[in-house]
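Welcome, and please have your viewer ready. We will go from one selection to the next and look at what sits at each stop.

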Amino acid sequence: MAQITDRIDNVTRIPAAYQKASLPAPKSVKIEISPRCNYRCGFCALRSREVQPKWDMDFGLFKRVTREMREAGVEEIGVFYLGESFMNPRLLVDCIAYLKRELSMPYVFLTSNASMAFPEAVDACMQAGLDSLKWSVNACDEAQFENVMGVSGKLFHRALDNIAAAWDVRTRGGYQTGLYASSIRYDGEQQERMDALLSERVRPYVDQHYWLPLYSMGAFATQREEDLGYRPTAGNQGRIGALREPLPCWSAFTEGHVTAEGKLSACCFDATANWTMGDLNQTAFMDAWNSPAFVALREAHLKKDVRGTVCASCIAYS
């Protein structure tokens, strides 16, 4: 089974063919099936939304835009973006099944906090053809969980139980879904406690685990991070072990990001539509991918000078 980090690195690395302002279709696109989440993580851009959305993505819109993506050459679809897709398991399963059975999408992947990933839903996702399921595990105990995730510690234990259950679901069903996990790398004693938890409750139930820096989420969550006592890294530089330079930012070149409302964003942390480059309700995917606004933004990134653009306030460039 291929390593998930190889796929991640292939997306965060900008190849020569993509080091220009007008581009071919991205290899990978993340689509926000549900913009809702049952966590309130202190480091997440979702906290910047004044009003949390209540409507998930229209399935008809999902089918149209993903067909356009496949015809343009997209090979990987993430059935998530910022929200927690298991908030609407029926829609999630339908989306996976459509991608695999109707579009023959080569690779369909999902990241989840695991707390809503009950065995029945995971089984349905795997049966529909999900290729990769990755868990985000970012707290070492119930106390840290409540402090950072901002919700009841009961969800901490539920998430760990669901991670173990998913391994059993895959084994019993004989499914080919890869199971993975990522965690934020902390410092000192906090890191030691994180390692202990992972060794006991996570790594035995995944094919691979890897580390991430504490992202700034487009500078939105910086104050909250300071309140919690954690120091974020600039922008989204990828995973620890293969960090990328902040400019040009790979997010605007090698991966598409679509909100539940159908907006194409240039930023992987865009919770407030600040980086909208096109409305897929009105515009074909490739027209939005190479819209005048997107082309101009990429030109600024390639010059490594994003002053005066929507990216100017990101702490990666300050």
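Start by selecting Ala114, which is buried, with a relative accessible area of 0%. Keep in mind as you look around that this is a predicted model. Ala114 sits in the loop between strand 3 and helix 4. Its phi is near 80°, a positive value in a residue other than glycine.

Now select Ser104, in the loop between helix 3 and strand 3 (107–112). Ser104 is not a glycine either, yet it has a positive phi of about 50°. Is Ser104 buried, partly exposed or exposed? With a relative accessibility of 48%, Ser104 counts as partly exposed.

**A cis peptide bond**

Next, go to the loop between helix 8 (222–228) and strand 7 (255–258), where you will find Pro248. Show the backbone here: the peptide bond joining Leu247 and Pro248 is cis, with omega about -10°. For context, most peptide bonds are trans.

**Strand 1**

Select strand 1 (residues 28–31) and pick out Ile31 within it. Ile31 has 0% relative accessibility and so counts as buried. Show what surrounds it: setting aside residues up to four places away in sequence, Ile31 touches Met57, Phe62, Thr66, Met69, Ile77, Gly78, Val79, Phe80, Tyr81 and Val258. If you draw a distance between the C-alpha atoms of Ile31 and Val79, it comes to 5.3 Å, though the two residues are 48 apart along the chain.

Lys30 is in strand 1 too. Is this lysine buried or exposed? At 19% relative accessibility, Lys30 counts as buried, because the cut-off for buried is under 20%. Leaving aside neighbours within four places in sequence, the contacts of Lys30 include Gly78, Phe80, Tyr81 and Phe109, along with Glu255, Gly256, His257 and Val258.

**The largest nonpolar core**

Which residues touch the most other members of the largest nonpolar core? Select Phe62, Met69, Ile77, Val79, Phe86, Val122 and Trp135 to see them, out of 89 residues in that core.

Zoom in on Ile77. Beyond residues up to four places away in sequence, Ile77 touches Val29, Ile31, Met69, Leu99, Met105, Tyr107, Val108 and Phe109.

Now select helix 6 (residues 154–173) and check its length. At 1.5 Å a residue, its 20 residues should span 28 Å, and the end C-alpha atoms are 28 Å apart, so the two agree.

Colour the buried residues of helix 6, among them Leu155, Phe156, Asn162, Val169 and Arg170. What do these buried residues pack against? Their partners are helix 4 (119–128), strand 4 (132–136), helix 5 (142–149), strand 5 (178–184) and helix 7 (188–202).

For the last stop, show helix 6 together with helix 7. Their axes come within 10 Å and cross at roughly 45°, which means that helix 6 is oblique to helix 7. The contact is made by Phe156, Leu160, Asp161 and Ile163 of helix 6 with Leu197, Arg201 and Val202 of helix 7. By type, the residues of this contact divide into five nonpolar, two charged and no polar.

Note on methods. Residues are numbered from 1 along each chain as its sequence is written. This is a predicted model: local features need pLDDT of at least 70, side-chain atom pairs count only at pLDDT 80 or more; totals for chains, interfaces and linings use all residues. Side-chain values use heavy atoms; hydrogens and water are left out. A nonpolar core is a set of buried Ala, Val, Leu, Ile, Met, Phe, Trp, Tyr and Cys residues joined through side-chain atoms within 4.5 Å. Buried means under 20% relative accessible area, exposed over 50%, partly exposed in between (1.4 Å probe, protein chains only). Contact means heavy atoms within 4.5 Å. Helices (H or I, at least four residues) and strands (E, at least two) are DSSP runs, numbered from the N terminus. The expected span of a helix is 1.5 Å times one less than its number of residues. Axes are lines fitted to C-alpha atoms, for helices over the stretch in contact, and angles run from 0 to 180 degrees between N-to-C directions. Angles under 35 degrees count as roughly parallel, over 145 as roughly antiparallel, 65 to 115 as roughly perpendicular and the rest as oblique. Ala, Val, Leu, Ile, Met, Phe, Trp, Tyr, Cys and Pro count as nonpolar, Asp, Glu, Lys and Arg as charged, and the others, Gly among them, as polar.
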